[in-house]
Amino acid sequence: MSAIRSPLSDEARAVTGEALQGAVVDLIDLSLLSKQLHWNVIGRNFRNVHRQLDDVVTLARRYTDMAAERAVAIGVNPDGQTTTVARGSHLHGVEAGYIGDEKAIRLITDVLASLITRMRTRMDLTAEPDPVTQDLFIDAIRDLEEQHWMFQAMV
């Protein structure tokens, strides 16, 4: 079996790989939390919140795949296993049962803000060692910030 090699230096690959792995964990976590809220949201704004949460799931899954594939392209193996995601999670989860639409909006808004902050750190960390990966982070941040704005506008 041959290994994937990258023209990046070992140091650049290590910094970039760590940033990508963190993004993979965060984005998987975001998709799972968003789906949990999507299934259990209730309230007057149910339909809008329900649909918007699915948009977040789609976005999170798309960028998870992009980050994981970028990692492989530079010779780093991504790990999206449940134990890895649980160990690296920054989220506290939500209580079981129905979740009111306003509470769901506040929760996802806070989660997105925190994730955007971590993604911006990754963007900065990859500027020098791998601008290609930095570009991936820029695109993801743009789309995450759009979702953050849309949820804020619902209250």
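Which residues does Leu-30 touch, not counting residues up to four places away in sequence? In this predicted model, Leu-30 is in contact with Val-56, Ala-60, Leu-91, Ile-108, Val-111, Leu-112, Leu-115 and Leu-144, when residues up to four places away in sequence are not counted. Leu-30 also belongs to the largest nonpolar core, a set of 40 residues. Within that core, Leu-30, Met-119, Phe-137, Leu-144 and Phe-151 touch the most other members. Helices α1, α2 (46-73), α4 (101-125) and α5 each supply at least two residues of the core, and α1 gives the most, with 11 residues. In soluble globular proteins, nonpolar side chains tend to be buried together.

The packing of α1 with α5 was examined next. The axes of α1 (residues 10-40) and α5 (residues 131-152) come within 11 Å and cross at roughly 25°. Because angles under 35 degrees count as roughly parallel, α1 is roughly parallel to α5. The crossing of these two helices is left-handed. On the α1 side, Thr-16, Ala-19, Leu-20, Ala-23 and Leu-30 take part in the contact, and they meet Thr-133, Phe-137 and Leu-144 of α5. By class, this contact of α1 with α5 comprises six nonpolar and two polar residues, with no charged residues.

A further position considered was Thr-84, which lies in helix α3 (residues 82-88). Thr-84 has a relative accessible area of 11% and is therefore buried, the cut-off for burial being under 20%. With neighbours within four places in sequence left aside, Thr-84 is in contact with Gln-21, Val-25 and Asp-79.

Technical notes. Residues numbered from 1 in each chain as written. Predicted model: local features only at pLDDT ≥ 70, side-chain atom pairs only at ≥ 80, totals over all residues. Heavy atoms only, no water. Axes fitted to C-alpha atoms, helices over the stretch in contact; angles between N-to-C directions. Helix = DSSP H or I, 4+ residues; strand = E, 2+ residues; numbered from the N terminus. Parallel < 35°, antiparallel > 145°, perpendicular 65-115°, else oblique. Left-handed = near helix turned anticlockwise from the far one by under 90°. Contact = heavy atoms within 4.5 Å. Nonpolar A, V, L, I, M, F, W, Y, C, P; charged D, E, K, R; others polar. Buried < 20%, exposed > 50% of the residue type's maximum accessible area, 1.4 Å probe, protein only. Core = buried A, V, L, I, M, F, W, Y, C linked by side-chain atoms within 4.5 Å.
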